[in-house]
Amino acid sequence: MKLTLIGTGYVGLVTGACFAEVGHNVLCVDNNKDKVAQLKAGKIPIFEPGLEDLVKNNVAAGRLAFTDSTAEGVAHGEVIFIAVPTPPQPDGSVDLTYIEAVAREIAQQLQPGQYRVIVDKSTVPVKTGEKVTETINRYSAEGCIFDVVSNPEFLREGCAIADLMQPDRIVIGSRSQRATDLMKAIYEPFHAPTYITDINSAELIKHAANSFLALKISYINAVAAICEASGANVDEVADGMGADKRIGRAFLNAGLGYGGSCFPKDIKAFIHIADELGTPFHLLKEVEKINAGQLDRFLQKIKNKLWVLKNKTFGVLGLAFKGDTDDVRSSVAIELCRRLLAEGASLRVTDPQALEKAQTELGHDPRITYCANPEEVFDRVEAVILATEWKQFRNLPWKQLKDKMIAPLIFDGRNLLDHHSLREMGYDYTGIGRP
Ligand code: UDX
Ligand code: UDX
């Protein structure tokens, strides 16, 4: 089928490439002309494992193309997916400026008699589908026939292609059989369980799912604090809990807490939506509070060991919001760096993919040394902090690196490292919820 994706970022580009991979003919639209030019030149502006080859192969096969023209996009795809940002406002509500603008642009390009399905893939508050429908009705010419559908995405950065090619489920919010049939045809090649529901329920599924995942993370972080106070081991508690199929082990990794372009904004949005609807979601407010406290607790651990941080140099392993991505949006690692700098410390930082984006975020502060590889981070530092769960940090030559440090202090913000062997090597190791 001929499909159009509007918004060619972490979600839109991966989704478009996967649709092309299963045989659809995809046109990706973006209003950032530089980004479109990069993509046309075969350059991928984001890091996502496997994405470069996926895009290249499908462009070469003639199933994937790029444009900055919405008109071209509306003319191309009978089904048009919207995957533009829905950033948080200061009060926690969702900024729907881009969604409304794109809905308006699509409306102005609709041709009378030419049926189109407009699909909202961006994460939006419940009842946004109704607003998109009203907007398209208001700005389209007489005689335009269209349906609006909600089709939330559940991809995780760092494993987005796998999440899309083998989805746990497809969620479709639609009240038109014609639109539903087209959506089923689009997703048929993925052979995944498909849940057809109304638009409001589909929109809520996304916020409710993300909030529950964040709740699991804050739950295990709260349990980690109890483990620390009682000499228990949070890894083993999580294993014992997670063995219960009703609970599941995933998303029970204690650490610095969740960041990224989704959880923080989606939790804020859901809290705001619930307040607006007169059904306050107190539990989620506690989830947020626990998460916000993780960094404070971790910094206190560092202060307990080192007393004064001012004029000390720290090594920081990882700057992206999680492993296997270059995305630094709402990264706790970046916030950790800011807090250490505010204490008057200097930093030697590294990240396998996010160094460039981190430099943009942190700026060119003379107290920050950006290291091309992890080994350089250890040079004459008072302590090394692991802030992002990049698996390769586990396999560093820890024995040799110890002697480069002023003192062999390790603070493991993601409980990623093998603390037993590090202690045997002579490191003073501190994790989260680990004795
Ligand atoms: C975004 C939202 O942040 C997320 O909530 C939603 O679920 C999917 O879309 P992401 O892909 O990570 O996620 O955003 P980003 O990487 O910023 O990409 C958005 C793209 O849309 C950018 O390339 C931007 O140039 C483009 N865009 C933005 C448009 O094409 N038109 C617009 O009006 C606004
Ligand atoms: C999340 C959801 O998982 C995905 O379904 C949705 O579509 C978008 O938001 P993402 O934000 O890309 O995906 O990454 P995820 O793997 O969920 O991690 C989110 C944050 O939680 C990261 O900062 C990660 O470090 C943290 N995390 C994750 C934990 O602290 N503990 C865990 O056990 C898992």
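User: Leaving aside neighbours within four places in sequence, which residues is Phe314 in contact with?

Analyst: In this predicted model, Phe314 is in contact (heavy atoms within 4.5 Å) with Ile302, Leu306, Leu309, Leu340, Ala345, Ser346, Leu347, Arg348, Val381, Ala383 and Ile385. Local features need pLDDT of at least 70 and side-chain atom pairs pLDDT 80 or more, while totals for chains, interfaces and linings use all residues of the predicted model. Residues are numbered from 1 along each chain as its sequence is written, chains are lettered from A and ligands numbered from 1 in written order, and side-chain values use heavy atoms, without hydrogens and water.

User: What makes the largest nonpolar core a core, and how many residues has it?

Analyst: A nonpolar core consists of buried (under 20% relative accessible area, 1.4 Å probe, protein chains only) Ala, Val, Leu, Ile, Met, Phe, Trp, Tyr and Cys residues joined through side-chain atoms within 4.5 Å. The largest such set has 62 residues, and Ile302, Phe314, Leu340, Phe378 and Trp398 have the most contacts inside it. Helix H13 (332-342; a DSSP run of H or I, at least four residues) contributes the most, with seven residues. A second, separate core of 39 residues includes Leu51.

User: Why are the buried residues of H3 said to line one face?

Analyst: Leu51, Leu54, Val55 and Asn58 are buried in H3 (51-60). Seen down the axis, the buried residues fall within an arc (directions from the helix axis to the C-beta atoms) of 95°, so they line one face. On the other side, Asp53 and Ala60 are exposed, that is, over 50%. Helices H1 and H7 are among the elements that cover the buried residues of H3.

Key
Helices (H or I, at least four residues) and strands (E, at least two) are DSSP runs, numbered from the N terminus.
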